[in-house]
Amino acid sequence: MITKDMNILEAVQQYPILAEIFRKHGLGCIGCMIAAGETLGEGIAAHGLDADAVIAEINKVISENK
């Protein structure tokens, strides 16, 4: 399960499908140098998106792809 407190790069390494969701929302977090020290919640909110909604979508996609 993904949480807002997880590091962006670590989460993507654990769940590569996150890259697709990031692209869908226009988030370039994976290629950003800041991602190594930023949480998912921080990165998503910095782009003006609802972090809780995006995290819920991420967890839904992960559970559907198990």
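Helices here are DSSP runs of H or I with at least four residues, strands are runs of E with at least two, and both are numbered from the N terminus. By that count, the chain has four helices and zero strands, running α-α-α-α from the N terminus on.

A word on the model: it is predicted, so to speak, with local features needing pLDDT of at least 70 and side-chain atom pairs counting only at pLDDT 80 or more, while totals for chains, interfaces and linings use all residues. Residues are numbered from 1 along each chain as its sequence is written, and side-chain values use heavy atoms, leaving out hydrogens and water.

Of the 66 residues, 41% count as buried (under 20% relative accessible area, with a 1.4 Å probe and protein chains only).

Now to Asn7, which sits in the segment before helix H1 (8-14). Asn7 is buried, at a relative accessible area of 16%.

| Side chain | Backbone nitrogen | Distance |
|---|---|---|
| Asn7 | Leu9 | 3.0 Å |
| Asn7 | Glu10 | 3.0 Å |

Glu38 lies in the loop between helix H2 (18-24) and helix H3 (40-46). Leaving aside neighbours within four places in sequence, Glu38 is in contact (heavy atoms within 4.5 Å) with Met6, Asn7, Ile8 and Gly43.

Methods:
Buried means under 20% relative accessible area, exposed over 50%, partly exposed in between (1.4 Å probe, protein chains only). A polar contact is a pair of N or O atoms within 3.5 Å; within protein, one must be able to donate a hydrogen and the other to accept it, and residues adjacent in sequence count only if both atoms are side-chain atoms.
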